[in-house]
Amino acid sequence: MFVLRGVAQVVFLDSAWAGAVFALALLTADWRYGAYAVGGAVLGTGTAHLLGVARDRVRAGLEGFNSCLTALCCAVFLDAGRLSTALLAAAACVVVTVVAAAVVRLLHLWALPALTTPYCLLAGAITVAAPAFGRIWPQDAGGAALPRAASGSTLLAPADVVAAFFRNVAQVFFLNQWHAGALLLAGLFLASRAAGWVACAGSATGILTAWALGAPAARIADGTMGYNAVLVALALCGVFLSPTPATLLYALLGAATATTITPTLAHLLAPSGGHPLTWPFVLTTLGFLIAARSFPRVTGRQDPAAERPGPPTRCAAAGQPHAGRIGSG
């Protein structure tokens, strides 16, 4: 149960049933991805338990989602069928638990959640360093490449819109199949109808923003432009900020922002062989949570630190999480 909650916590859900649906979606897309994701959650949760992490965090799956994504990242970028990839993923899942503890402690000083920062740090380091190690890097894998200007038609067909809507959810788990995204969305609705509708709104915002800015239709349709928008919408409306009409609009603004900076980070990281992963989600969410402390209509309360100059105080986080994911020690 704890392991399945770790899979579900990728999208802030403390639900073993949702985690089971997510695991099924991964298995239907590629059984190896499902094995890596669930195995990663097992290793992360087990490592945290052995190191004596607070039981409430382990039981809620908060020690499993970063390791789940880390293992999945290794499978996607380093060939899931190689033994070296499996061994590296296993070691990375242990290490990311340590990284998570450090990040949680650090961000707790500002009452901010760790989100997927530990995964981004470690998985990013692995993908950049992998070409330097012959036993890790697949021989047929391409190297780093300079970013290129957008090209291709910007005309979105109805089929492209439908595919993008579901793939924006699927790409949170590196999946390209629209039906996997539909199954993941079903898991969200199973755990929380509110979360399901917010995810839908985030996906639609990602599509609209990318189209309005002139992104190629192929990039929109494959979901790589909009998956961060889904995560930001969920985080800012219902998880770290109470779900209200004001926070929904605020969350959708954040979703549009994350969509805009996704290619920014992709271009910055491409020359070194890196990938944006969920960095756009992390940076946007943290920035909007910090800013929200100055907006009483968003948080429902006035932050005393915003009324006077000086260094920030250790005030309460902008809103309390409804799904249990927050970077507390």
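The model shown here is predicted. Helix α14, residues 279–292, is 14 residues long and reaches 20 Å from its first C-alpha to its last, close to the 20 Å expected at 1.5 Å a residue. Of those 14 residues, 10 are buried, so α14 is largely enclosed by the rest of the structure. The buried residues of α14 are W279, P280, F281, V282, T284, T285, L286, F288, L289 and A292. Their cover includes α7 (117–129), α12, α13 and α15 (296–299).

The chain as a whole has 15 helices and 0 strands. It contains 329 residues, and 52% of them count as buried. Among contacts with a separation of 6 or more, 72% join residues 24 or more positions apart.

**Helix α9 and its surroundings**

Helix α9 spans residues 178–191. With 14 residues, α9 reaches 20 Å between its first and last C-alpha, close to the 20 Å expected at 1.5 Å a residue. Which residues of α9 are buried? They are A180, G181, L184, L185, G187 and L188. These residues cover an arc of only 150° around the axis, which puts them on the same side of α9. In general, an α-helix has 3.6 residues a turn, so residues three or four places apart point the same way. The buried residues of α9 pack against α2 (16–29), α8 (158–170), α10 (193–212) and α12 (227–239).

L184 is one of the residues in helix α9. L184 has a relative accessible area of 1%, under the 20% cut-off, and is therefore buried. Leaving aside residues up to four places away in sequence, L184 touches F22, A25, V169, A170, F173 and L175. The C-alpha atoms of L184 and G19 are separated by 9.3 Å, although the two residues are 165 residues apart along the chain.

| Helix pair | Packing angle | Distance between axes |
|---|---|---|
| α2 and α9 | about 175° | 8 Å |
| α8 and α10 | about 125° | 9 Å |

How do the directions of these helices relate? At about 175°, the angle between α2 and α9 is over 145 degrees, and the two helices are therefore roughly antiparallel to each other. On the α2 side, the residues that meet α9 are W17, A18, V21, F22, L24, A25, T28 and A29. Their partners in α9 are A180, L183, L184, G187, L188, L190 and A191.

For α8 and α10, the packing angle is about 125°. That makes α8 oblique to α10. The crossing of α8 and α10 is right-handed. Here V161, A164, F165 and N168 in α8 meet C200, S203, A204 and I207 in α10.

**A residue in a loop**

S242 is found in the loop between α12 and α13 (245–269). Is S242 buried, exposed or partly exposed? Its relative accessibility is 38%, so S242 counts as partly exposed. S242 and T299 are 57 residues apart in sequence, while their C-alpha atoms are 7.4 Å apart in space.

Definitions and conventions. Residues numbered from 1 in each chain as written. Predicted model: local features only at pLDDT ≥ 70, side-chain atom pairs only at ≥ 80, totals over all residues. Heavy atoms only, no water. Helix = DSSP H or I, 4+ residues; strand = E, 2+ residues; numbered from the N terminus. Expected span 1.5 Å × (residues − 1). Buried < 20%, exposed > 50% of the residue type's maximum accessible area, 1.4 Å probe, protein only. Arc of directions from axis to C-beta. Contact = heavy atoms within 4.5 Å. Axes fitted to C-alpha atoms, helices over the stretch in contact; angles between N-to-C directions. Parallel < 35°, antiparallel > 145°, perpendicular 65-115°, else oblique. Left-handed = near helix turned anticlockwise from the far one by under 90°.
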